[in-house]
Amino acid sequence: MNLLLFRILCRLVTAGSRKHVVYTCPIPTGQKIFASNHPSNIDPAYFYHLMDDPVLMIMNWGMDIPIIGPIMRGCGFIPVGKDRHAAYSAALNALLSGRNVYICPEGKLSGPDAKAQTGAARLAIQTGFPIIPVGVRHEGRVYSIPVGNGRFIKYMPFGETHIKFGNRMYVYGKGAHFMTKQLMGGIARLSE
């Protein structure tokens, strides 16, 4: 029931934006790690109905948002807080149990001070599953919606949203930091 509610919610919050989705190659079958930039708080809503029931990793405080938080928790989303090891373990378990995982490597909204973490690359190294880089670009007015506790959601409900899926990346024989740098370069190019 929670999955159905979240799919409906995703459709509603993204309905006003004209979506332009590009796949540079077919998405491979089997488990994979989707990794994207994060220009707005509702980016996961776009991906949820473009992907095959992914496990989303979100900031811990997102689980506290009224109505939305309990639905996300019921969908099996992975909260990312101070205990990043627990979040990594949950993502690894999701992959090994047959699900796809969606990660924003920067761990917060994209911006000049955002620094990518190595979680996506480490998951790919540990499992052998590919990373699918995704670039997101929104064009339109930005709204900030209060969600309690002094927090706001950066939301672009209208305008255009460009989502571009890149070629799969494997990390055989490469280190996590090197692969993360390559990944973020690919995401940046896809989001242009």
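Me: In this predicted model, what links Tyr23, Phe34 and Phe165 into a cluster?

Reply: Ring pairs link Tyr23, Phe34 and Phe165 into a cluster, and the count of aromatic pairs comes to two.

Me: Why is the pair of Tyr23 and Phe165 called stacked?

Reply: The ring centres of Tyr23 and Phe165 lie 4.7 Å apart with 15 degrees between the planes; since a pair needs centres within 6.5 Å and a stacked one needs planes under 30 degrees apart, Tyr23 and Phe165 therefore count as a stacked pair. The pair links distant parts of the chain, with Tyr23 in strand β1 and Phe165 in strand β9, 142 residues apart.

Me: How do you know whether Tyr23 and Phe165 are buried, exposed or partly exposed?

Reply: Tyr23 has a relative accessibility of 39%, which falls between the limits of 20% and 50%, so Tyr23 counts as partly exposed. Phe165, with a relative accessible area of 1%, is under the 20% limit and is therefore buried.

Me: What makes the pair of Phe34 and Phe165 edge-to-face?

Reply: Here the centres are 6.1 Å apart and the planes of Phe34 and Phe165 stand at 85 degrees; because the distance is within 6.5 Å and the angle is over 60 degrees, the pair is edge-to-face. Phe34 in strand β2 and Phe165 in strand β9 are 131 residues apart, and Phe34, at 3% relative accessible area, is buried.

Terms used: Residues are numbered from 1 along each chain as its sequence is written. This is a predicted model: local features need pLDDT of at least 70, side-chain atom pairs count only at pLDDT 80 or more; totals for chains, interfaces and linings use all residues. Side-chain values use heavy atoms; hydrogens and water are left out. Rings of Phe, Tyr and Trp (its six-membered ring) pair if their centres lie within 6.5 Å; planes under 30 degrees apart count as stacked, over 60 as edge-to-face and the rest as tilted. Helices (H or I, at least four residues) and strands (E, at least two) are DSSP runs, numbered from the N terminus. Buried means under 20% relative accessible area, exposed over 50%, partly exposed in between (1.4 Å probe, protein chains only).
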